[in-house]
Amino acid sequence: MRHLLPHPLLSVVVAFVWIGLANSLSAGNLLLGAGLGVLIPLYTRRYWPGRVTIKRPLRVLEYFAIVAWDILVSNVQVAGLILFRSGPKLRSVFVSVPLELRTPEAIAVLTGTITLTPGTVSADLSADGRAVLVHCLDAADPDAVVRTIKSRYERRLKDIFE
Amino acid sequence: MIETACMVAFAAISVAALLNLWRLAVGPDVVDRILALDTLVVNAIALVVVTGIWWATAVYFEAALLFAMVGFLSTVAFCKYLLRGNVIE
Amino acid sequence: MAHLSDIVVAGLILVGSFFLLVGSLGLATLPDLMRRLHAPTKATTLGIGALLIASTVHFTVATGTPSLHEVLITLFLFITAPVSAHMLAKAHILRHPDLQARLPVPDNSGWATVTPPPEDACEPR
């Protein structure tokens, strides 16, 4: 099993992308998608020496739901800021968020989440990978932003990946 | 009803693209121009998608997907060039 | 039923184009690059997401078979938007020494754009 499917997640993604590109759920396409999902990870195995482990798959759904909701909220907030409070009145500030996550995949997901959620953009990672630089569009209390990122996203990602 | 919504969307996206072009023209920095190009690509994808709904055809989706990929790759290539002075090391 | 889906599709198209317009407006009016970065990454991404969901609903109802094309574009844009924003921010920081001096300093290290990596940096897997 390990030899046939070196990366089960990658296989699922490849099959899903094929079905989406063909835009059809016919039996032939499902079979072709499954075949590509097995063959492509086998051929590209040497480029993917590591393996992503997801400890708690159900938590992923919870995380997606929270992030999707936050994306909606953040867009309404940012739209309001752009339309009504634009200009020098915005209290923009850089903050440094110390990271407890160590796996590269978890840090990548966290920085992506920070960019998509309320009023924050991840701007840089520290050279040792233990802090992320975050730019806030309008933050009255920068420490609260750090606390929110750590308790709302980082804790959940730690559960999922580590 | 969908036709009306599409007309409104065409107008709004065209104005958005003009705003992007303005930012592309005035800059002031090269990073602003890359950001404007990136947003312009997303607006172009939106126009393609609304055109697909307007003409009730699915043939434009490959175009939208290719736009998305080329737009992302060109943004990253531009930034990589600014950061490292080289695109492929 | 078809009528209800028409309302949903029209509403999603209007919401999507509104957010695209707001994103571009933010790009044009906000005062400096780091702030301008917020508008396209958030508003524009949600705008295109709403348009693509509208397209999914429209074609699923019109043809009777689920339309999965748009999901791919939506996922691709939602994954790539933060990456390009991160790259743009890094390029901006590298090109502005005055901005580098104003950044908060992380513990025992510097920001990756302006500091060489340490000897014991974790290797990309």
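1. In this predicted model, a search of the whole structure turns up one cavity of 30 Å³ or more. The volume of the largest cavity is about 190 Å³. It is lined by 18 residues, and those closest to its centre are Asp38(B), Val42(B), Leu77(C), Ala81(C) and Ser84(C).

2. Which helices line the largest cavity? At least two residues of the lining come from each of α2 (30-54) and α3 (61-84) of chain B and from each of α3 and α4 (69-95) of chain C. With six residues, α4(C) has the largest share of this lining. By class, the lining of the largest cavity holds 11 nonpolar residues, six polar ones and one charged one.

3. Next, a pocket. The second largest pocket has a volume of about 330 Å³. Its lining is made of 16 residues, and Gln77(A), Pro118(A), Gly119(A), Thr120(A) and Val145(A) lie nearest its centre.

4. Two helices of chain A, α3 and α5, each give at least two residues to the lining of the second largest pocket. The most comes from α5(A), which supplies five residues. Sorted by class, the lining of the second largest pocket has eight nonpolar, five polar and three charged residues.

5. The packing of nonpolar residues is a separate topic. In soluble globular proteins, nonpolar side chains tend to be buried together. Here the largest nonpolar core has 37 residues, and Val97(A), Leu110(A), Val134(A) and Ile149(A) have the most contacts inside it. Elements from two chains each supply at least two residues of this core: α3 (57-84), β1 (93-98), α4 (104-116), β3 (131-136) and α5 (142-161) of chain A, and α1 (2-29) and α3 (38-63) of chain C. Among these elements, α3(A) gives the most to the core, with eight residues.

6. What is Leu110(A) in contact with, leaving aside its neighbours within four places in sequence? The list is Leu99(A), Leu101(A), Ile149(A), Tyr153(A), Glu154(A) and Leu157(A). Ile149(A), one of these partners, is also named with Leu110(A) among the residues that have the most contacts inside the largest core.

7. For the pocket lining, α5(A) gives the most; for the core, α3(A) does.

Terms used:
Residues are numbered from 1 along each chain as its sequence is written. Chains are lettered from A and ligands numbered from 1 in the order in which they are written. This is a predicted model: local features need pLDDT of at least 70, side-chain atom pairs count only at pLDDT 80 or more; totals for chains, interfaces and linings use all residues. Side-chain values use heavy atoms; hydrogens and water are left out. A nonpolar core is a set of buried Ala, Val, Leu, Ile, Met, Phe, Trp, Tyr and Cys residues joined through side-chain atoms within 4.5 Å. Buried means under 20% relative accessible area, exposed over 50%, partly exposed in between (1.4 Å probe, protein chains only). Helices (H or I, at least four residues) and strands (E, at least two) are DSSP runs, numbered from the N terminus. Contact means heavy atoms within 4.5 Å. On a 1 Å grid over the protein atoms alone, a cavity is a set of points where a 1.4 Å probe fits but cannot get out, and a pocket is an open set with protein on both sides within 12 Å along at least five of seven lines; lining residues have an atom within 4 Å of a point. Grid points are joined across faces, edges and corners, and a volume is the space filled by probe spheres set on the points. Ala, Val, Leu, Ile, Met, Phe, Trp, Tyr, Cys and Pro count as nonpolar, Asp, Glu, Lys and Arg as charged, and the others, Gly among them, as polar.
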